Amino acid sequence: MNKDRPDRTPESEERRAVLGKMASATFAGLMLSGVLARAQDAAPQKTPIPARPFKGSSDANQDVLIRMQGELERAMQKPINERRWGMVIDMRKCTGCASCTVGCVMENKLPPGVVYRPVIDEEKGTYPNVTRTFLPRPCMQCETPACTPVCPVGATWKGADGIVVIDYDVCIGCRYCITACPYQARTFDFGQHWTDNAAKGEDGALALKSARAYQDPPNFEYGKEWKRREGIIPKSPVGNTRKCTFCAHRLKVGMLPMCVSTCVGRATFFGDLNDPKALVSELAGMANATQLKPEAGTHPNVYYLV
Amino acid sequence: MKQYAKIIWALWIILALVGGYGLIERLVTGHQLATYSSYVPWGMWVAAYIFFVGLSSGSFLLASLYYVFKITRLERIARLSLFTAGVTIIMALVTVGLDLGRMEKAVSVFYRPHFTSLITWEVWLYTAYLILVIMALKYAVRKKLKKLDPQVTKDDDQRLKRLMTYGIPLVIAFTGAGGALFGTISARAAWHTSLYPVIFIVGALLSGVALMTFMAWAFCDNHDESWHELLQFLGKLVLGLICIELILEWAEFSIPLWYGVGSEAELVKFVLFGPFWYVFWLVRILLGAVLPLYLLMGKKDAKSIGIASFLVAVTYFAVRLNLVIPAQVTPELRGLEHAYLDPIGNHLSFHYLPSFFEWQVLMGVVALGMALFYFGQRYLSLMQTLNNREVSR
């Protein structure tokens, strides 16, 4: 920046300073959400559970995150093929804040056009009898996934722990799996960046600098470092299909999926469905637990409490 | 046709320039300029790919009527049909190759195939087919290009017949599998029908035979008696195939629509009365069926047959578009279309209209096909056979 520029007025200086602080605060805040998940483990916040104490819980007022964290650690002690990761989403408690979506985007460094966990916001009824429902939609990690057998190169499969994964190094980007998923839970990485066509004008450079601080670092899906790049021969995961993995890379190091950690309403539960004492097993067995599109025959491992 | 040579050259230059630029853009920017999305993942290029495959299958099967079943009135068109089969399958493979997110990895279908996938089967069958067509062309052409020993010619004929005989089940297999590729996807109600393999085979025959009929009319200067006989025969074939195709299409559309209830009925209504209604009613029905039927059943002269066949062959692309696109434009989960948006490229949208870039790439593929045809007629004496200007064996 040239400080001798004639168009530089005290007002523009001030505006730049404010914008700079805002941008830094925004991205610091976004980054912080990832840090908070870990901090919560260390210093849990006591949040009373509004519905009722869960069976088998030693402390009815224990934060569900603490309980799930313990269950996760227990499950990780078992051989991988004895685990069956599952998720339960309480639609009655979901406030539609989309912090799970944002947390997921942050954690996996999702570019524009790629989303693992959108929240479907639906308005029902007619005035004055109107209600809104929120349906977060991660990958269902189906028992019999429709997306895996269609892959022409075997780049996607169901892992021993029940998570459906994609090998970015193998995927050819034919998008057949996207057409096959009845939940439309797979998206294609078109190679876009958040800074494409963005932040032009006087303060563009500053905004771009801040944005790139978020955009450019690699993501660590599948426990591997991925630095996206467009080009004649793109770098994965550009040109690949992408999907939710229940944050498999976090599970490996004993951390709950990002969407579970960031859920402000404690509406997303995660754990080992093979563990009868796990919170998710209790919840998935409740009378009001249901699955999306059971008629699709894919047997999802995500349940909704309605 | 010679009087149109300049127009064809001019058209080719435009296609090559515009399309060539599109191909470069495709290599440099990947898929960013395309308007298909994660919710409509297969766009116009996939429709074009199955269209070209259909043209290839149909023209191959027409050629086999002469080489295997010895329907001698097709002799003039047989070699050109075989060559067309080769060109259009190359066009299909190039188009679908450009549609891949990672073109450079496409070869992995050979060294790490996953045979539960119909795409794997398709790639393997196309490869076998392409090799077969190249070998068949070699035997069909070389005796016309240079004088061979009579025994070699006889051996070539036998090999050619054998290859074409193997080719028939191969073509039926990959054409039907093309239908199954869509039909097996239970997540998409509009695709999930057992009719598709049959529709694909009939559609391939119709579009391929129509293309060859048009070429027999357009590229032949020697309008002798046998040429008129050839066109009359091909005209009847096209007429019959249009009727069979319409019956199948009636079955495909009327069954989900009959009671008007269910998601499939909504999809059919989208095709018939949605924002792209004209693709079905004007392009497919009027230009692709009603007008050709009128021409083929009316005067029955060479010009009518030629124009009718051209209309059928070209407008069949609309059938392919209507097969691929509408099945994807409805969210599988209501409200998903508003749940999360892509502000940069709008690649999380259920609305699809091909971008100019997509048309550009398609133009490039067509220009490539035209160039291959040029080299074929220049070096493989395809037109001499069509014009009956060579000494028969």
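I began with confidence in chain A of this predicted model. Mean pLDDT (the predictor's confidence in each residue, from 0 to 100) is 84 for chain A, and 80% of its residues reach 70 or more. Residues 1-9 of chain A fall below 50, and this stretch has 8 contacts (heavy atoms within 4.5 Å) beyond near neighbours in sequence. Residues 18-44 of chain A also stay under 50, with 24 contacts beyond four places in sequence.

I noted the conventions: residues are numbered from 1 along each chain as its sequence is written, and chains are lettered from A in the order in which they are written. Local features need pLDDT of at least 70, side-chain atom pairs count only at pLDDT 80 or more, totals for chains, interfaces and linings use all residues, and side-chain values use heavy atoms, without hydrogens and water.

Next I looked up salt bridges (a side-chain nitrogen of Lys or Arg within 4 Å of a carboxyl oxygen of Asp or Glu). Asp275(A) sits in the loop between β8 and α8 and Arg74(A) in helix α2, so the pair ties together parts 201 residues apart in sequence.

I then checked Glu107(A) and Arg250(A), which meet at 3.2 Å, N to O. Glu107(A) is in helix α3 and Arg250(A) in helix α6 of chain A, 143 residues apart.

Last, I turned to chain B. Ser81(B) lies in helix α3, residues 75-99. Its relative accessibility is 0%, so Ser81(B) counts as buried.

Notes: Helix = DSSP H or I, 4+ residues; strand = E, 2+ residues; numbered from the N terminus. Buried < 20%, exposed > 50% of the residue type's maximum accessible area, 1.4 Å probe, protein only.
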